[in-house]
Amino acid sequence: AVASLQTATPQGVANMLWAYARLEAREESFIEAACHRMAAALAEAEAQHIANATWAVAKLTATPSSPSSSSSSAEALATAATSGASPAVEALLIAVSSHLHERMRGGVGGGQWLRRWAGCSTRHVSMLCWGFARAMPRHQATRKVLRDALEQAEELSDQGGLKAQEHANILWAWAEGLDAWAPSERPTKILKRLILMLCSPNLKLLEDSALAMVMSCGALAKLHRVVETASQQFIEKWFERTSRRCIQARVLSQLKSSEIVALLRAMTGTKVLHAVLLHAALRELRGDGCNSRLQPFEFVPVMDAAAFVRPETIPVALADLLGEAVSRLHEFEPRDLAAFLWALLRLSHSSAASRLDFDAVFVACTQALAQRGLRLLASGLGGRQCAAAQPETAGAFVAQSALSAREWVWVMNTIAPLRVSGEAGAEAPEWILERFVRPWEAWLRSFSDEAADEVAGLSSARAATSADSAAAARWRYEALLQREGIDSLGPRWTPTTLSRMGIDYIGTGEVPEVALQTLREQREQRSDGGRFGRFAWLRAHFSDDTCENGEPTGQEEVLDFAWDGEAPLENLDEGVASMDIAEYDASSSVSSRSPLLAVPLAGRSREGHAEFKLLERLVARLVTAEKRGSLVGDVFIYTDRAPCLSCIGALAQLCRRWPGLTAKVSFEKGPTEALHAASTVAQRLREDSPTTSMSDSERLEEAMHLALQEYRVDKESFTPISVVGSNPRVQLSWASVCATGVRPSGKSVPGKKREWHDKLMYFLSHRPKAFEVDVGPPAKVRLVSPAQAQDSFVGEGRIGLLTELTSAVDSSIIRLLRNGKAFKGCPVGEGFVSIEEVGGDEKVSKLFRKCRLDAGDRLAYFLRHSEDFDVWAPPRRRPTVGGGDGGPSATTSIDAESNVVKEDVRTWVRIRLM
């Protein structure tokens, strides 16, 4: 076969590759030779030959992976783990991508290729999309093909519709491609066109099949998480039509149990799942009453679906599946067990489940978790920390399983017996406290305090005039809340976070009756109106601090409620159908009218949450009222579930903006005991920003002033820097500012950079408002008079140049943050980017060359000497006694080829929030 390839036509090569792929015969020498021959003959190939060859090499390159606990059932159906395309396959696909792109632009073969792929059917389009997404999901060539294929598919679908399998293949390819794209790289406008075409009610699907429908559902569920609101509504309408088809055509009877689970997961993810469809799915999964054929991880989406629907009565099939899952807990992986517990908790909160006793199930699941070794893998506590919860075994080694912070939230809200009544009020057996609670509390304290600090920085930056500082503060705040993929801390631990952020938690027994009555009335009124959503009730009392006859003036009371439910989808037909999706823009996560910032969490906007709506309306009243004077009062919010992190942050922002207001929160199903705000954090939220204290650089400048005044002979004379540097106060301050010794270095250590040799002379030259430096030799310095400083502000003066350099560095940092270049998981906070990348900015580099004192001066020295920036370098890592390197850190990685631990020794910088 290899010999015959030399003279084979494109059709012959494609046919041979197709046959090998159908037989799953992975003969590397043949695949390589066939790829080279096909790439050379692309100019002669027809669209069918190209599509067949692309499909075949993708099939031969990617090896399907078996379902695992870390992947969903939908992903197991539609997704395969790629082993990585070989160089020959990659070269062929890149050539195909370029060739097709030229055809799309009309650059090959003259006018016959203009704006379309001649001879290409919808089947060929779907095969090309599927092949590229499967073989090279992260490659730029795949993005190019997907964009070009959309234009081709739009034209072809207008002519005669799509086959169901082609529909599924195109959607799956886009869903796979978007997983590999950074959020800033996602083609928003093209996605709108894709959803509008493939979810249109006018699109005719041919040769419909149950399996293709499930694959389309899984892909659309993934797209639903990343598209904007109007596109989400189109997807939800498509799911509504699909649900009706499933019920009417008895589609579920044609599916395997794993496919039914995938369908339930997709519909739950898009929040479009009817109780009728759930009951039918449960009956199919339960079958003849014997044990189901579900894998342990497949019980999780089933319980998720039941918790979402909240059936009026627990179906017998669901109770049977729950009993089977409990009997098989020993088969569950720890992370599947955590997700199972979280689904059970939400199911237990429904009215139907209130008549069942779930305590025994929670205890059984807790005991099953206690037999595993667990690690909390999350940021904070000075680095990437793994807090171990190792079971006691009789000399046996138990492999540890790493749980993310999101999974620990699930565990910590469901393990039993455990009652949380404050930070130190966990009442449980010692083994639960040791293995679960203490590692979690350590992380939660760190996270909550860091969130309070970022709220303070956000408020301070908004009050400043610098747009770059405000952008950096916003980015840091959003990055912190999104860092661990958590949207809520659950009913048990939300009060603790509220307390540490300066917000009182009010026990459920102290909620005003008017709030509970409003909730009941709203539920009754909207019980037949679709999804109810999240409910919130607000009461606020405030007045200005001016008094008349001993009484405060301008007293106001606000009573308000809101909910984030939507109208039933049946009533959205006209609105959605008439909406021009290309004109809809919901990309902004914060309203321009509100000083509060809502952060998207878990792929969903939080602007529509009921709590945030109430706070926005309250802010409008407060802005008007504060014109009369400073405001004092209190704000109370009651919700029907624990508020998300974004809403907690918005309330903390409000407290920071109006420090005279006291915030209180309560929620349904929350702890009965009240938990008052921690005094230290509350005080920090209400006082001026802590960053107003002097920085290390400012203290050093003050020490230099005092030393020069002590040593100088007259106002015009210079003093040797070596003399001033010997002053004890200067030496002490210089030790905290000097860049020497702050990063790993040494010529004898592989992978390490040379040591920095920062000098006091460089620090003085970076502060021309205060000092004038003569490089000598010997190097000397003197104080600058106000008149000299003013002259240096204009033209090419050093003060003007350094001010311009600071602004350029600010802009470069913001640009790098927006391009996804931030240091993820930095142990000292968010918003850091590499100094090397900042220095690579053309404007920054040009300005610094003008500003530097000599060739030994570095941009890193200037940034460390400035009070406008925070600079961080990874600490020196010392070898341990056993010859190890002290374990992994946030700055280490493992080379895939050599299996050698590599250390990132770059230095990082961020804008300091003033």
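Student: How many bridges join strand 7 (residues 535–544) to strand 11 (residues 631–639), and in which sense do they run?

Tutor: A word on the source before I answer: this is a predicted model, where local features need pLDDT of at least 70, side-chain atom pairs count only at pLDDT 80 or more, and totals for chains, interfaces and linings use all residues. Residues are numbered from 1 along each chain as its sequence is written, and side-chain values use heavy atoms, with hydrogens and water left out. Now the general idea: strands of a sheet pair through backbone hydrogen bonds, either parallel or antiparallel. Here two strands count as paired if DSSP finds at least two bridges between them. Strands 7 and 11 run antiparallel and are joined by 9 bridges. Asp544, for instance, has Leu631 in strand 11 as its bridge partner.

Student: What order do the strands of that sheet take, and which ones are at the edges?

Tutor: The order is 6-12-11-7-10, an open sheet of 5 strands with mixed pairing. Strand 6 and strand 10 (556–563) are the edge strands, each pairing on one side only. Strands here are DSSP runs of E with at least two residues, helices are runs of H or I with at least four, and both are numbered from the N terminus. The chain has 35 helices and 20 strands.

Student: How should I read aromatic pairs, and how many does the structure hold?

Tutor: A pair of aromatic rings is described by the distance of the centres and the angle of the planes. Rings of Phe, Tyr and Trp (its six-membered ring) pair if their centres lie within 6.5 Å; planes under 30 degrees apart are stacked, over 60 edge-to-face, and the rest tilted. The structure holds 18 such pairs. Take Tyr505 and Phe667: the centres are 5.4 Å apart and the planes at 50°, so this pair is tilted. Tyr505 sits in strand 6 (residues 504–505) and Phe667 in strand 12 (residues 661–667), so the pair ties together parts 162 residues apart in sequence. There is also a cluster, in which ring pairs link Trp18, Trp55, Trp130 and Trp172.

Student: Are Tyr505 and Phe667 buried or exposed?

Tutor: Buried means under 20% relative accessible area, exposed means over 50%, and partly exposed is in between (1.4 Å probe, protein chains only). Tyr505 is at 0% and counts as buried. Phe667 is also buried, at 0%.

Student: Which residues are buried in helix 27, and where do they fall around the axis?

Tutor: The buried ones are Ser697, Leu700, Ala703, Met704, Ala707 and Leu708. Seen down the axis, they fall within an arc of 135°, so they line one face of helix 27. That arc is taken from the directions from the helix axis to the C-beta atoms. You can check the length too: the expected span is 1.5 Å times one less than the number of residues. Helix 27 (residues 696–711) has 16 residues and should span 22 Å, which agrees with the 22 Å between its end C-alpha atoms. Now try helix 6 (residues 122–135): its 14 residues reach 20 Å from first C-alpha to last, close to the 20 Å expected.

Student: Which side of strand 17 (residues 869–872) is covered, one or both?

Tutor: Both faces are covered: Phe869 and Val871 are buried on one side, Asp870 and Trp872 on the other. Strand 17 pairs with strand 20 (residues 908–911) in the antiparallel sense over 4 bridges. Within that pairing, Phe869 stands opposite Ile911.

Student: What is the phi of Glu24, and where is Glu24 found?

Tutor: Most residues other than glycine have a negative phi, and most peptide bonds are trans. Glu24 has a positive phi of about 55° although it is not a glycine. Glu24 is found in the loop between helix 1 (10–23) and helix 2 (28–40), and is exposed at 51% relative accessible area. Lys669 has a positive phi as well, near 70°. Lys669 lies in the loop between strand 12 and helix 26 (679–686), and at 48% relative accessibility counts as partly exposed.
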